[in-house]
Amino acid sequence: MNRLPLFATLYIFLFSIVTYGQQKFTLSGTISEASSNETLIGVTIVVPELSTGVTTNEYGFYSITLPEGTYKLNVSYLGFHEIIKEITLSENRKLNFQMVESAEALAEVVVTENIEKLDIRKPQMSVNSLKVETIKKIPVILGEADVIKAILLLPGVTNAGEGSSGFNVRGGSADQNLILLDEATIFNSSHLFGFFSVFNPDAIKDIKLYKGGIPARYGGRVSSVLDIFQKEGNSKETKINGGIGAVASRLLIEGPLIKDKAAFLVGGRGSYAHLFLPLFDVSNSAYFYDLNTKLNFNINDKNSVFLSGYFGRDVFSISDSFVNTYGNAVGNFRWNHLFTDKLFSNLSLIYSDYYYGLKLDFVGFNWNSGIQNFNIKYDLKHYSSDKLQINYGINNIYYQFNPGKIEPSNEDSGIVEEQLIEKYANEFAAYIDIEHDITENLSLEYGLRFSNFVRLGQDEINIYANNEPITFNPQTLVYSEATPIATENPGRKNSLATFNNFEPRISASYIITSEASLKASYTRLAQYLHLISNTSSPTPLDVWTPSGPFTKPQLLDQYAFGYFQNLKKGDYSLETEIFYKNIQNRIDYIDGANLIANNAIEQVILNGKARAYGLELLLRKNEGSFQGWLAYTLSKSEQQTPGRISTNANQRSELETGINYGNWYNTPYDKTHDFSLFGSYELNDKWTINSTFVYQTGQPTNYPIGQFNFQGLAVPYYGLRNSERLPDYNRLDISATLTPRKNIKRKRKGEWVFSIYNVYNRRNAASINFSRNQDTGVNEAVRTSIFGIVPAVTYNFNF
C-alpha cells in the first residue's frame with residue numbers, strides 16, 4: 001500500500017473538515033488522442049450544472065471531486081470533436097476519454113458559454129500557448145517552421161534582429177529565459193547562429209511561454225519560462241512524417257513497442273546546403289543536425305515511465321583551419337505515479353549539457369568549453385476539490401562550468417595545454433503552489449518557492465585589496481582590472497558563497513461578466529547563473545558563470561495587471577496587460593572588457609540594476625476560415641550601473657562615475673514599439689494563405705559623436721552608452737500551402753508550402769559600422785543587412 005506524503009495527508013485532513021457531512025466522490029482519468037494514444041495537455045472538462053470544471057495536466061491526467069448525482073460532462077479541446085457524456089457519480093470513478101481530431105470540431109461545441117467562463121476565470125495571466133499546427137503556418141526564412149520565430153510574433157517578445165539567436169521577453173536579456181524541453185534545460189536555443197531554432201516542430205506536443213505570473217514550480221530565470229513538451233509516440237500504429245526543404249530536411253518515425261502500452265519516437269533533422277558549396281569552389285561550410293528520441297511505457301493504471309532525449313550539433317568551418325562545433329545534449333527519465341485518484345506525482349532525473357568547441361589549426365590549438373547540470377526533481381499535484389488544487393515539490397541541480405580548455409592540436413604547435421579554472425555550484429528549491437476558487441467571481445493562484453544556491457569551492461580564487469576586483473582612476477574616469485594581492489586554493493569541499501531567497505507568487509482573477517475578467521499578478525524570481533556576453537544576442541562563444549563572492553544573484557519583482565474579454569461568443573478574444581519589472585544585481589561590463597578566455601571574469605563586471613515597463617495588447621480571431629492575431633507592445637527597458645559603494649563607509653563614492661555617469665541607459669534590447677500581425681485564410685480545401693507583418697523600433701546602439709586626428713588618422717569617439725538607434729525594422733512575409741484533394745482518399749498524404757520572406761525586399765540594418773574610406777580617407781557609415789527577399793519551397797509528407 002502506498003504511503004501518502006506528509007503534506008498530502010495534512011491537506012486531506014483539513015479538506016475533510018471543511019466538507020464534513022457532504023457526500024462527494026472523485027472522477028479521474030486520462031485524456032488522449034484516439035488515433036495515437038498521445039495524451040493531451042490542457043483539455044477542458046466542464047460540469048455545466050455546477051458551473052465548474054478542470055483541465056488536464058502535462059501528462060493528460062485530470063481529477064475532479066463532485067457531490068453525488070447525475071451530470072452531463074463536457075470534454076473539449078481545440079481541434080478535436082467535443083465529447084458530451086452523461087455520468088452518474090455514486091462512488092469514486094476512473095473514466096478515460098479518447099478524442100477524435102477534426103478540423104470541424106469548433107462547429108460542434110454545445111456548452112460554449114460555460115467553457116468560456118472557465119477560461120476567463122483562470123487566474124493565470126501573461127501566458128501564451130501556440131499549437132504546432134499554427135507554428136507550421138507562419139511564414140519564416142527558407143521555409144523551415146520555427147518555434148522561436150513564432151513566439152516573436154507574440155506581445156512582449158522580441159529579438160536582436162535577423163540572424164540573431166535567442167529572444168527577449170518584456171525587456172529582459174536572452175539569458176534570463178528558462179528554456180525547457182521535457183523539463184531539461186536548453187542553454188542555446190539556436191542553430192546556425194540564430195537562423196533556425198533547435199526545436200523540431202514535428203516532435204513537439206505542447207508549447208507555453210510564461211512572461212509573468214509564473215507558477216512557483218518554475219525558477220532560476222527572471223524574465224520568462226518557455227516550457228516545451230515532446231510527443232510521447234504513437235502506441236497504436238507506426239506513423240512517418242517529415243519534410244524536404246530548400247536547405248534542410250526532417251524525418252520523424254513513431255510507433256508501438258507494445259500496442260496500446262508502449263511506444264517510441266525518433267526524429268531527426270539536418271541541413272545540407274553546405275554540400276553544394278564545392279560546386280562553386282567554396283571551401284567554407286556551415287550545417288547543423290539534431291536528434292529527438294522518446295520512449296514511454298504505461299506499466300499499469302497507476303504507473304508510467306518515460307525516457308526522452310535530444311542531441312544537436314552545429315558545425316561552422318573556414319577551410320580546414322577553423323572549425324567551430326557547438327550544441328546541446330539532454331536526457332530525462334520520468335516516472336508518473338498515482339497515489340490516489342486525487343494525488344498525482346512525477347519524479348524526473350535530468351541531464352543537460354552545452355558544449356562549445358573550436359579547432360584552430362592556423363594557430364595550433366583546440367578550445368573546448370561548456371556547462372553541465374544534473375537535476376533531480378519530484379513534483380506532486382493534489383486535487384483536493386473542484387475549488388482547490390495544490391502543487392508542491394522539490395528539485396536539486398548540480399552544475400559544472402568549464403570556462404575553457406586549450407589543447408595543442410599537434411606536437412609541433414608550441415602551445416602549452418591550459419585549463420581555465422572550472423567552477424561548481426548546487427541549487428536546491430522547494431515550492432508549494434495553490435490554485436483556489438474563492439468565490440464564483442474570484443480565483444487565486446498563490447505560492448512560495450524557496451531557493452538555496454551554494455557556490456562550491458574551486459582549485460584557485462583571487463584575493464583583492466578591499467575585496468574589489470576592479471579599480472577606478474578618478475583622473476581619467478576609467479575602470480580597469482585590479483591586480484590580485486594573493487590567491488587561495490579553497491578546494492572542492494568548501495563553499496565560496498551561499499544565497500537563500502524566498503520567492504512568493506500570486507495571481508488573481510475577478511469575473512466582471514461571463515465574457516470578461518480583470519487579472520493581476522506579483523512574481524518574485526531569483527537567477528543564480530549569468531551569461532557572460534557583451535553582444536546584443538547570445539553567441540556560441542558566450543560562457544555561463546555562477547553567482548559567487550563577486551557576482552550576486554539577479555532578483556526580480558514583477559507586477560502585472562490585465563483585462564481579458566471574449567468577444568462574439570469566443571470568435572474573438574482580447575487581452576491587454578500592463579507590467580512593471582525591477583531587477584537587482586544586473587551585471588554590465590567596463591569599457592573595453594575582455595570576456596573571451598578570461599580566467600578572472602570578476603575583473604570586468606560591475607553590478608547594477610534594471611527595470612522595464614510597458615503595455616501589451618493581443619487581439620485574436622479564433623474561429624472561421626480566417627484566423628490570426630494582432631499584437632502590439634509599448635515598452636521601455638533600462639539599466640543603471642552607478643558607482644560602487646565604498647567598503648569603508650556605507651555610501652557611494654563621489655569619485656566613481658559608474659556606467660553612463662550613473663544615469664539610466666537603454667538596454668541593448670529596448671524597443672519602444674513592437675507591432676506584429678499574423679493571418680491565416682483557408683481559401684478552400686486545397687489552398688491556405690498565410691501572412692505576417694512585423695514593425696519594430698530600431699535596436700539601441702552607439703554611433704560616434706565626433707572624431708580626432710592621431711598621426712594623420714581620423715579616430716572616432718563615442719558618447720553615452722546605447723544612446724542611438726538603428727533604423728526601424730519592418731518586414732512582410734507570405735506563404736501558400738497547397739494540399740492536393742486526392743490526399744483525402746490516400747494513406748500517404750503530402751502538401752507543398754511556397755513562401756516568400758521579406759516580400760518587398762527591405763534591407764533592414766543588422767548593424768551600422770564606421771570605417772575609413774580607402775579612397776577619400778574619411779570615416780563613413782557602413783550599413784550591414786543580412787536578408788533581402790528570400791523565396792522557398794518545402795514539401796511535407798506523412799503516412
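## Salt bridges

The structure holds 30 salt bridges, where a salt bridge is a side-chain nitrogen of Lys or Arg within 4 Å of a carboxyl oxygen of Asp or Glu. Before we pick a few out, note that this is a predicted model: local features need pLDDT of at least 70, side-chain atom pairs count only at pLDDT 80 or more, and totals for chains, interfaces and linings use all residues. Residues are numbered from 1 along each chain as its sequence is written, and side-chain values use heavy atoms, with hydrogens and water left out.

Start with Lys294 and Asp182, a salt bridge whose closest N and O atoms are 3.4 Å apart. Lys294 sits in strand β21 (residues 285–300) and Asp182 in the loop between β12 (177–181) and β13 (184–185), so this pair ties together parts that are 112 residues apart in sequence. (Helices, H or I with at least four residues, and strands, E with at least two, are DSSP runs numbered from the N terminus.) Are Lys294 and Asp182 buried or exposed? Both are buried, and buried here means under 20% relative accessible area, with exposed being over 50% and partly exposed in between (1.4 Å probe, protein chains only).

Next up is Glu232, which forms a salt bridge with Lys205, their closest N and O atoms being 3.0 Å apart. Here too, distant parts of the chain are linked: Glu232 is in the loop between β17 (224–230) and β18 (239–244), while Lys205 is in strand β16 (residues 204–210), 27 residues apart. Both Glu232 and Lys205 are buried.

Then there's Glu616, paired with Lys211 in a salt bridge with 3.2 Å between the closest N and O atoms. Glu616 lies in strand β40 (residues 605–621) and Lys211 in the loop between β16 and β17, so the pair ties together parts that are 405 residues apart in sequence. Glu616 and Lys211 are both buried.

## The whole protein

Now zoom out. You'll find four helices and 53 strands in the protein. With 799 residues, a compact globule would have a radius of gyration near 28 Å, and the protein has 28 Å, which agrees. That radius is taken over C-alpha atoms, and the globule rule is 2.2 Å times the number of residues to the power 0.38. Along the principal axes, the C-alpha atoms fill a box of roughly 90 × 65 × 55 Å.

Of the 799 residues, 53% are buried. The protein exposes about 34,400 Å², and carbon and sulfur atoms supply 56% of that; the areas come from the Shrake-Rupley method with a 1.4 Å probe, and for residues only the protein chains shown count as cover. If you take the contacts with a separation of 6 or more, residues 24 or more positions apart account for 66% of them (contact means heavy atoms within 4.5 Å).

## Two spots to look at

Find Gly171 in the loop between β11 (168–169) and β12. At 22% relative accessibility, Gly171 counts as partly exposed. Gly171 and Gly614 are 443 residues apart along the chain, yet their C-alpha atoms are separated by 9.1 Å. Not counting residues up to four places away in sequence, Gly171 touches Ala612, Ser637, Thr667 and Tyr669.

Leu634 lies in strand β41 (residues 626–640). Leu634 is partly exposed, with a relative accessible area of 35%. Leaving aside neighbours within four places in sequence, Leu634 is in contact with Tyr613, Gly614, Leu615, Thr672 and His673.

## Positive phi angles

Most residues other than glycine have a negative phi. What is phi of Asp260 near? Phi of Asp260 is near 65 degrees, a positive value. You'll find Asp260 in the loop between β19 (248–258) and β20 (262–271), and Asp260 is partly exposed, with a relative accessible area of 43%.

Asn722 also has a positive phi, near 55 degrees. Asn722 lies in the loop between β47 (713–718) and β48 (724–725). With a relative accessible area of 9%, Asn722 is buried.
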